[in-house]
Amino acid sequence: MKITRIDTTVVELTLPKPAVNSARVAIKTVGCVLVQLRTDGGADGEGFLYTMRGKHMAPLKAMIDSLGELLVGEDVSQPERLWEKLWREIYFFGFTGVAVMAISALDTAVWDAHARSLDQPLGVLWGGNASKVPVYASQGLWTDLEPDALAREAADYKAAGWRAMKMRTGRPNVADDVQAVKAVREAIGDGVALMADCSRALTVPHAIRLGRALEPYNLTWLEEPLPAHDIDGIAQVAAAVPVPIAIGENDYTRYGFRRVIEARAAHVLMMDLARVGGLSEMRKVAALARAHDLPVSNHIFTEHSLAACATFSNLNFVEYIDWFEELFTEPVRMQDGFLQVPTTPGHGFRFDPRTIEKRRVG
């Protein structure tokens, strides 16, 4: 099937509850650029990008619109070739940032359309047969809560069937983070996996002190202890603490992840669908990680990452966050700590036209 046009729409969503990480700034809204790729055979594909606090959507939309023109007339059955075509086009802008993010949204839509044109779920097209994948709750346990409130919220997640969850750390004082983690661990017991996300807030000495202090609480990982550009510093932390380090959500394409692996900066690689380069690159990074015996996880983009993640033999968890549920006609289904993998054609989730009409910006 040939691509006939690519439509982009900007919407703004209000989060179910404000997100407050180590920056201590309450994020209440996200802006989204929705991509709807149209074909002459009716098998349309969808992808999207988001921005925090509903800002900075204009450059994302402009780049998607500009690159999307190059796909008109192309065959959706060749997503890898189309990715390379767009990759060659962005040399002037560089191979990170907005240009790669635009490729990501387009690539995700192309794969969706390709699978739908064959009337196959994306996971089946990629050779996967998993019906469910382990998931962790990432929609709460923010840093604005005191330990008692964190413990209550964590206990509620456990009662609802979650078997893994992530809390936010990165407070100025190590003791405050330790107190918060201790409260959550005591509330959920040893049988529930617990992750802690520092949101790039720490220095090397601070991160090492925190990682060592958190050893008794059996963390599955400590996420993003330092700013993402400081790969050497993160590698120092990874070598010095007993808690596994997870990074990757701010790394671009296989080349960024290759640098992380070569620096021995992570024990878990986290792929953000927008920054990694779309579904095409997500699959390559998962294979690269597997070659180095490293597990992978996604970052946000639960709906559009789910089918792909279910095909990765080195997947440890899928991240669930409820920020974008309003966008889709299909709900994410969790049962006893697992997400059900979609069985409908494509990546399994379709934009809800009612939400688009209600939340449209401009």
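Biologist: Which residues do ring pairs link into a cluster?

Modeller: Ring pairs join Phe48, Tyr50, Phe301, Trp323, Phe324, Phe328, Phe349 and Phe351 into a cluster. Rings of Phe, Tyr and Trp (its six-membered ring) pair if their centres lie within 6.5 Å; planes under 30 degrees apart count as stacked, over 60 as edge-to-face and the rest as tilted. Please note that this is a predicted model, in which local features need pLDDT of at least 70 and side-chain atom pairs count only at pLDDT 80 or more, while totals for chains, interfaces and linings use all residues. Residues are numbered from 1 along each chain as its sequence is written, and side-chain values use heavy atoms, leaving out hydrogens and water.

Biologist: How many aromatic pairs does the structure hold?

Modeller: The structure holds 19 aromatic pairs. One of them is the tilted pair of Trp87 and Phe95, at 4.5 Å centre to centre with 40° between the planes.

Biologist: What about Trp87 and Tyr255: how far apart are the ring centres?

Modeller: Their centres are 6.1 Å apart and their planes lie at 25°, so the pair is stacked. Trp87 sits in helix H2 (residues 79–89) and Tyr255 in helix H9 (residues 253–262), 168 residues apart. Helices (H or I, at least four residues) are DSSP runs, numbered from the N terminus, as are strands (E, at least two).

Biologist: Is Trp87 buried or exposed?

Modeller: Trp87 is buried, with a relative accessible area of 13%, whereas Tyr255 is partly exposed at 38%. Buried means under 20% relative accessible area, exposed over 50%, and partly exposed in between (1.4 Å probe, protein chains only).
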